[in-house]
Amino acid sequence: MTGRDANGGAPMLSARDIRKRFGEVEVLKGVSVDAHPGDVITILGASGSGKSTFLRCLNFLETPTGGSVMLHGEPIVTRPDGEGNHQPRDRRQLRRLRARVGFVFQQFNLWPHMTVLGNVAEGPRQVLKTSRAEAEARALALLEKVGLAERANFYPAHLSGGQQQRAAIARTLAMDPELILFDEPTSALDPELVGEVLEVIRGLAREGRTMLIVTHEMGFAREVATRTMFLHEGLVEEDGDPEALFTQPESERLRQFLRRHLS
Amino acid sequence: MDGFGWDIILQSLPKLLEGLWVTAQLVLVSGLFGLLLALPLGIARSSPRPWVRALPFGYIFFFRGTPLLVQLFLIYYGLAQFEAIRQGPLWYLLREPYVCALLTFSLHTAAYIAEILRGALQAVPPGEVEAARAIGMGRWLTLRRVLLPRAAQIGLPAYGNEVILMVKGSALASTITLLDLTGMARTLIAGNYRAVEMFLAAGVLYLIFNWVLQRLFRLAERAMNRHLREPPRLVQQPVPRVPSGLDPPL
Ligand SMILES: Nc1ncnc2c1ncn2[C@@H]1O[C@H](COP(=O)(O)OP(=O)(O)O)[C@@H](O)[C@H]1O
Ligand SMILES: [Mg+2]
């Protein structure tokens, strides 16, 4: 790993042995990850390997059936429910921690009844209780940053997919997250719109943001990452330095995966 | 009694309009109270928890499963059977047929509106709710800022339809002596024996009233769906600068 551990930096995120069962099927069989400040971890894996479920378990959009999540050294407290899920025990703690972890969805999930500006200012206004003027000024600055300032008063329905995803990224940035989780941010986009979104995420990497990014864009995954994980059927099959992982994969499954996706 | 009595209609018009005014009150007030009552019922109905969902079930089952006329009679004649109610502080209200009709219609329409609301809440794409949760919104904030506004857009046409059904259902108020539009027509007929003219005039007034309501709901829908309609406008004025240090540029 990088020198950050040697510096004694505590991990921003530490997920241990995350498991998730849907009925009889265990789709995560114990996945762990540590993310230190500035880490950009890209997560690869075939469709159905559990990448989305893993990301969703990290902020409890999905309740894991095993394992633990620590954010900034603070464990998310849970209690088992009847079905073996680890339900968050302290709603207030969960809300507080979620506000510090951004999530960017494959389908953008903008709120269609609010303008782009309204979408971006919503979290600061309602969750962080920032004044409207301040939240909107900040939102506008973020929209400028993702190249959407002139469309601030558009409704999401009037934006292209790439613009919607950039707006969704601005909405996440508005919360000043210490960690951002991306779940296939470009998979719902027409090919010609992928670049503009990846460019925004590259910019965030240059800023030193801490990010976990699930993606099928292999070139991007290799170039932006400080570390890469390959998931296979709910387990980490291979994990390490992106250059090594892409050029000398150890596992046969990763070799096959890369052959299929690099061609 | 020969020929069609245009003059009778004209003479009766002030009285019929009086009746229409009573009908309008019954419908609008019960439409509003029904909506208020339906909010907790509909929200409970869409809860992921089975026991919360079960709470309003009996209520909705009863009011949707029995005729409005039966409900009206039960409240108008039934309440008076209870000594406790007759001695109670609200008796001076509850013995009024007008209040009984308002109460019945509100309870009745609330059951339907609750089901409309449940359907609308469940039709909100789950991703929009997850986006709210992911930035740290709690259950109530999500409800207030995302679910209810979205459900209002989705459920408004069905709600408008329910209000119009209640306009027609409100004619039953005449069976407990109220002089709503139908009650007024019947009273007038008892004096002038012009059943066809009176009911025809009443029918036309119902039509006009419903047409106006439909227009109003159409306008409300347009206003609520402006996010899908309004042609986008680019922001022309320069973007105001924020104090530096708030956010580093890319
Ligand atoms: N809510 C759910 N209920 C049941 N099965 C699910 C649910 N969500 C995901 N799964 C299953 O879990 C497996 C992993 O899904 P997912 O995490 O979405 O994979 P990926 O994102 O890697 O494509 C898949 O087989 C999927 O069908
Ligand atoms: Mg996925």
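Which helix of chain B gives the most to the nonpolar patch? The model is predicted, so that local features need pLDDT of at least 70 and side-chain atom pairs count only at pLDDT 80 or more, whereas totals for chains, interfaces and linings use all residues. Residues are numbered from 1 along each chain as written, chains are lettered from A in the order written, and side-chain values use heavy atoms, without hydrogens and water.

The answer is helix α11 (residues 195-224), with nine residues; helices are DSSP runs of H or I of at least four residues, numbered from the N terminus. B:Leu216 is found in this helix. The patch, which also includes B:Phe4 and B:Trp6, has about 1200 Å² of accessible area together. Such patches join nonpolar side chains (Val, Leu, Ile, Met, Phe, Trp, Tyr) within 5 Å, from residues with over 30% relative accessible area and no salt bridge; areas follow the Shrake-Rupley method with a 1.4 Å probe, only the protein chains shown counting as cover.

Turning to the interface, 37 residues of chain B are in contact (heavy atoms within 4.5 Å) with 43 residues of chain A. The two chains bury about 3400 Å² between them, 62% of it on carbon and sulfur atoms; this is the accessible area (1.4 Å probe) lost on being put together, summed over both. Two salt bridges (a Lys or Arg side-chain nitrogen within 4 Å of an Asp or Glu carboxyl oxygen) cross the interface. B:Arg145 forms a salt bridge with A:Glu122, their closest N and O atoms being 2.6 Å apart. On the side of chain B that touches chain A, α9(B) gives the most, with eight residues.

Technical notes: Patches are made of residues with over 30% relative accessible area and no salt bridge: like charges are joined within 9 Å, nonpolar side chains (Val, Leu, Ile, Met, Phe, Trp, Tyr) within 5 Å. Helices (H or I, at least four residues) and strands (E, at least two) are DSSP runs, numbered from the N terminus.
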